[in-house]
Amino acid sequence: ENIVKLEWLQKHVQLSLDERLVFNSTTKFMGQRILLHSGELEKRNKQIYGFLFNDFFILVKPRRRGKIELFSVSSDAEFTMCKNNREPFMLNQVRADIDPVKQYGDSTFKLIITKECKREEIQLKAMSNLERDNWVKKINDASVNNGRMERQNSKSAISKHAKSNLTVTVVEAADLVVTPSNTFCVVNVVEVEKKQERVTPIIKNTSTPHWNFEMKFFVSDANNTILEFNVYTSNLFSPDGMFYSYACVPVHLSIPVFRLSWICRIVIEKAQRREMSHISLEKTSATGTCCYRRVATHNCI
């Protein structure tokens, strides 16, 4: 039933977004997209419809006013994004609340959007008090679940028995074979029984991202530890699984094993789609007054 509804929405909801949205698809980190709730609403006395998924919430307006039977096979309804809300609201930015003074009526509630330190409130009216309460509960429950899964997805496994520190600075990527995109680099330190992951900030609209971002890891055994580097495009409505470069560098080849503190600077060069020609490591390490500095290039595994 969920798939049928998602396919219906794909046919009847017209979206103009920078990123193509396929309703019946895998989300960024919530698994299969699920339609949690839908129904008629009012915004400033105008008829609109809301569709709540497990990763975002959208408000759309019908091209023709009147009663619409959602998900009917015979329906010819068409929807477009609301004029002032032309993008879906990601659930990590949204919560709902009932106006305690009810200045807009009994069945109203407010949608609170917090994005990039900016707060916006949208007053919505449900068809009844019961439906209002239902909307508020479902939106807030979905937002909490989404936030929990996002934190779980990004949580790194750090060993309590780590013996050494490893600091990696991801500097930049050059000559990516991709149109200007929102790009970021994921660095994994892979040991026998655990993997630690760190992620750079997202650099928007470029094929030559410059991060200069420092990451810290804890390593137990350098002889059995691998560094992995992957460059991704950042997507809102689908997984970030489309990598554009990849490399594995054994830690013991990159940095002296006997050092207690390791530092390496990473410059990704001439990255091709799904492969990397080489990765340059500039390493600095010190024990007391003894310093070590060398530049090395390792081929991609």
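1. Overall make-up. The protein has 3 helices and 19 strands. Helices (H or I, at least four residues) and strands (E, at least two) are DSSP runs, numbered from the N terminus. This is a predicted model, in which local features need pLDDT of at least 70, side-chain atom pairs count only at pLDDT 80 or more, and totals for chains, interfaces and linings use all residues. Residues are numbered from 1 along each chain as its sequence is written, and side-chain values use heavy atoms, with hydrogens and water left out.

2. Burial and surface. Of the 301 residues, 46% count as buried. Buried means under 20% relative accessible area, exposed means over 50%, and partly exposed lies in between (1.4 Å probe, protein chains only). The protein exposes about 16400 Å². Carbon and sulfur atoms supply 50% of that area. Accessible areas come from the Shrake-Rupley method with a 1.4 Å probe; for residues, only the protein chains shown count as cover.

3. Contacts across the sequence. Take the contacts between residues at least 6 apart in sequence: 58% of them join residues at least 24 apart. Contact here means heavy atoms within 4.5 Å.

4. A positive patch. Which residues form the positive surface patch? They are R44, K46, K61, R65, K83 and R86. Patch residues have over 30% relative accessible area and no salt bridge; like charges are joined within 9 Å, and nonpolar side chains (Val, Leu, Ile, Met, Phe, Trp, Tyr) within 5 Å. Lys and Arg count as positive and Asp and Glu as negative, while His and the chain ends are not counted. The place of a charge is taken as NZ of Lys, CZ of Arg, CG of Asp or CD of Glu.

5. R44 lies in the loop between strand 2 (35–43) and strand 3. R44 is exposed, at 67% relative accessibility. K46 belongs to strand 3 (residues 46–53) and is exposed as well, at 55%. R65 sits in the loop between strand 4 (56–62) and strand 5 (79–81). R65 has a relative accessible area of 65%, so R65 counts as exposed. Setting aside neighbours within four places in sequence, K46 is in contact with L41 and R65. K46 and K125 are 79 residues apart in sequence, and their C-alpha atoms are 9.8 Å apart.

6. Backbone angles to check. Most residues other than glycine have a negative phi. R44 has a positive phi, near 55°, and is not a glycine. N212 also has a positive phi, about 50°, without being a glycine. N212 is in strand 14 (residues 210–219). N212 is partly exposed, at 44% relative accessibility.

7. A buried asparagine. Is N146 buried or exposed? N146 counts as buried, because its relative accessibility is 3%. N146 lies in helix 2 (residues 129–154). Not counting residues up to four places away in sequence, N146 touches F29, M30, N54, D55, L91 and N92.

8. A loop residue. Q93 is in the loop between strand 6 (89–90) and strand 7 (94–97). Beyond its neighbours within four places in sequence, Q93 contacts I112, I113, T114 and K115. Q93 and I113 are 20 residues apart in sequence, yet 5.5 Å apart in space, C-alpha to C-alpha.

9. Salt bridges. Side chains of opposite charge can pair when their charged atoms come close. A salt bridge is a side-chain nitrogen of Lys or Arg within 4 Å of a carboxyl oxygen of Asp or Glu. How many salt bridges does this rule give? The count comes to 12. One of them joins E87 and K115, with the closest N and O atoms 3.7 Å apart. E87 lies in the loop between strand 5 and strand 6, and K115 in strand 8 (residues 108–115), so this pair ties together parts that are 28 residues apart in sequence. E87 is partly exposed at 45%, and K115 is partly exposed at 37%.

10. Further salt bridges. D133 pairs with R132, the closest N and O atoms being 3.0 Å apart. R132 is buried at 7% relative accessible area, whereas D133 is partly exposed at 35%. E214 and K216 meet through their side chains at 3.5 Å, N to O. E214 is partly exposed at 47%, and K216 is partly exposed at 48%. Salt bridges with shared partners join K110, R119 and E121 into one network.
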